[in-house]
Each structure stands twice: as structure tokens, then as C-alpha cells.
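Please consider the sequence and the model shown below. The paragraphs that follow lead from the sheet to the helices that cover it.

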Amino acid sequence: MGWFSRRGADRTTPTKLDREATAEDLAALEAFVTSRSGVEFYLEPETTATDTTVVAIAHDGEWIRRRTGSPRAAGKIAQRHAIPLYEAARTGYPERMRAWNRAHPERRAR
């Protein structure tokens, strides 16, 4: 029947299921960093569904996730603001982020 055949697929075009990073994404990270203390960046690698992302976590555990387009772009922001940049796959996320999520269940609905 050929339902699972790859003959008709265009292999030259990569699949992008989600949007790429925008200037607004980078501006949101900058605003988060400048308006909160103790911010750390946790880099998440690009996947087939999402561009490279950074989770910015403040001292109290509040966090945001935004696309950066590349690890280099995340590194530039981190360097400019003298904040640490970790690889989330290696270090995991800090407990304060999980505690903040438990204290703010309305945030998970988004």
C-alpha cells in the first residue's frame, strides 16, 4: 500500500516543527536578567521540534524559557551580564526551580 514509503518525501528540506528564535526572545531574556538577581542560564540543545533554548532561573527559582537560535547567542548574553551558563543535559535544573513551580501551580497551565 505504500503508507510508510519514503519515496515521495523531499529529503533536502529539514523538518522544522516550531519557530526559530526572534529578537523578542532575546529581548525577553535580557529583560529577565536585568530585572532579577542571581540569574543563571541553563542551555537546552536544539531538537527536531525546537530551536536552541535557554532557561533563565533567578535566585528565587522564578524562570523563563526562550529560544536563542544558537549556543553562541546564549553565551553572548551570559557573558555580557556576567552570569553563569550551564548545559542543562549535564547539570540538570536547580531545586529552587522545582520549588518555585510547586509554589506557583498556575504557571504550569501555560
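How many of the 5 residues of β1 are buried? The model is a predicted one, in which local features need pLDDT of at least 70 and side-chain atom pairs count only at pLDDT 80 or more, whereas totals for chains, interfaces and linings use all residues. Residues are numbered from 1 along each chain as its sequence is written, and side-chain values use heavy atoms, with hydrogens and water left out.

In β1, 5 of the 5 residues are buried, so this strand is largely enclosed by the rest of the structure. Buried here means under 20% relative accessible area, exposed means over 50%, and partly exposed lies in between (1.4 Å probe, protein chains only). Helices (H or I, at least four residues) and strands (E, at least two) are DSSP runs, numbered from the N terminus. In a regular strand the side chains alternate between the two faces of the sheet. Both faces of β1 are covered, with E40, Y42 and E44 buried on one side and F41 and L43 buried on the other.

β1 belongs to an open sheet of 4 strands with the order β3-β2-β1-β4 and mixed pairing. The edge strands, β3 and β4 (85-87), each pair on one side only. Two strands count as paired if DSSP finds at least two bridges between them. β1 and β2 run antiparallel and are joined by 5 bridges; L43 has V54 in β2 as its bridge partner. β1 and β4, by contrast, run parallel and are joined by 3 bridges, and the partner of F41 in β4 is L85. β2 and β3 pair in the antiparallel sense over 5 bridges, with V55 opposite R65 in β3.

Helix α1 lies across β1, β2 and β3 and runs at about 155° to β3. Such angles run from 0 to 180 degrees between N-to-C directions, and the axes are lines fitted to C-alpha atoms, for helices over the stretch in contact. α2 packs on the sheet and touches β1, β2 and β4; its direction makes about 175° with that of β1.

Within α1, the buried residues are D25, L29, E30, F32 and V33. They cover an arc of only 160° around the axis, which puts them on the same side of α1; the arc is that of the directions from the helix axis to the C-beta atoms. These buried residues pack against β1 (40-44), β2 (53-57), β3 (63-67) and α2 (71-81). The face turned away from the buried side carries the exposed residues A23, E24 and T34.

Definitions and conventions. Contact means heavy atoms within 4.5 Å.
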